[in-house]
Amino acid sequence: MSKLLDKARDYEKEQYDKIPAELRPAFHLTPWVGWINDPNGFSYHDGYYHMFYQYHPYDVRWNSMYWGHAVSRDLLHWEYRPVALAPDESYDQHGCFSGSAITLEDGRHLLMYTGVHPSDEDPKRDAQHQCIAIGDGRDYEKVANNPVLSVSDIPAGDDKIDFRDPKIIRLKDNTYVALCANLSADGSGQILMYRSEDCLSWKFWKVLAKNQNRYGKMWECPDFFEIDGMWYLITSPQFILAEGYEFISGNGTLWLDGSFDEETGEFVEAGHHRSIDYGIDFYAPQTVLTPDGRRIMIGWMQNWDSTEVRGEEELPWFGQMTLPRELFVKDGILCQKPTKELEDLRHAPVTYENEGFTGSKAFSGIAGQIIDLTISLRAADPQKVYQKFSVHFAEKDGHYTALDFDPQEQTLTIDRRFSLIRHAGIHQRTCSIEGSGNGDLKLRLILDRRSVEVFINDGEKVMSAIVFADPEADGISFHAKGGVKMDLCKYELDESVK
Ligand code: FRU
């Protein structure tokens, strides 16, 4: 083991004991200590879900990248394993960037990641290439012939600097494909496919998809999978331009669908291009297929555009993952719901039915910081739709985060401008809720101390955001202009992270 890895392993163990559990979310994965960004190597291996993550243990800001590691039997109770990769070779000395994992035929666990190193052509710039480490689920050894894909494997004319985030998938004929993000000659993203029989030697196969300057520039962190016969490419575009309520400027996320011919490698887009999440803090999601056939996605519950917006508390960690979400398709749209395992954490239900009100109202027993709350909303008078509905949560002393619904505009806005935050920044985002003009809306909010994930109309859209609040802020209140009726169902959720 290298000195760098050894030192990081000692450091994270020693620091972890100093972090009280209540300074972390209850069931969202945070780094052992320090900084976390993208989920990496999300895989099922040896009876455990493995989640690696872009990690810098020594600071709460991005710096030289390691791969942190945690495992779980149910995607919610995470147990830390020692940091898996350190930037300890000349070919990855400036960082072990994002990548994926797969179990080999012989049972070994293989990690494919981007090694960052000073460019040969211009040592002032970094270059990127793909590397491999193989291990037993705890300790990993980098292979002797790294990098396994270098800049010479990039098609002629395409960018030799941005080349990263390999995601390995397995085709039906048992060969492997690694999808890599790259910039094409037109300066916009493209996803390259490399093929291998053994996961060790790789050859360029085909360009899977080209951005053609439609959605941002580079498409980071690709993933590609099939659901009900249709294929879905998910990526995280940098420098995307705002487009209606679909995309906001900056670092976004995108899914697109199409048909994929596994023999020729041809992907024909079917025409949907949508955000994966409509909240403020979401980026770089990765998926895994569970043994019972569910496609589960976890993202980084942060966004590069909001990492400097920090709350009152000085925490020894920064960044967390989203809930595991099951992907499914309804009417051609990729939808998400919290993984069913979350239901096992629920207890102490409080319900209200057919509650009509106008103005402001709170309900006894409807409060909390670690909860699963479903609100089913409709107009009190179907002939006269109300003008506005809001729910405030993480509320204390006049500070709160809100969801504001406007049935006339058919929009839902997440708004944390009035939360306990002293930084200006992106604090609002609106998405459209098609077909909600009659005032019908269903919201499922999962709160976990410092975050909210809102599943809209059974997961047609999702909004994720970090919440800034007093550690005691647990108030929830409802506000309506015009008459509404609603059903409420709230559960407490168990603390589950060890
Ligand atoms: C996405 C990303 C990846 C890169 C990693 C570096 O958030 O920029 O493209 O591999 O983060 O930490």
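## Strands 3 and 4

In this predicted model, strand 3, covering residues 66–72, pairs with strand 4 in the antiparallel sense over five bridges, where strands are DSSP runs of E with at least two residues, numbered from the N terminus, and two strands pair if DSSP finds at least two bridges between them.

Strand 4 (residues 78–85) is mostly covered, with seven of its eight residues buried, buried being under 20% relative accessible area with a 1.4 Å probe and protein chains only.

Four strands form an open, antiparallel sheet in the order 13-14-15-16. Its edge strands, strand 13 (219–227) and strand 16 (266–274), each pair on one side only.

Strand 15, residues 254–261, pairs with strand 16 in the antiparallel sense over six bridges, and F260 stands opposite F267 of strand 16.

S451 lies in strand 29, which covers residues 451–456, and counts as buried because its relative accessibility is 2%. Apart from its neighbours within four places in sequence, S451 is in contact (heavy atoms within 4.5 Å) with H28, M301, Q320, I446, A465, I466 and V467.

## Basis of the values

Residues are numbered from 1 along each chain as its sequence is written, and side-chain values use heavy atoms, leaving out hydrogens and water. Local features need pLDDT of at least 70 and side-chain atom pairs count only at pLDDT 80 or more, while totals for chains, interfaces and linings use all residues.

Terms used: Buried < 20%, exposed > 50% of the residue type's maximum accessible area, 1.4 Å probe, protein only.
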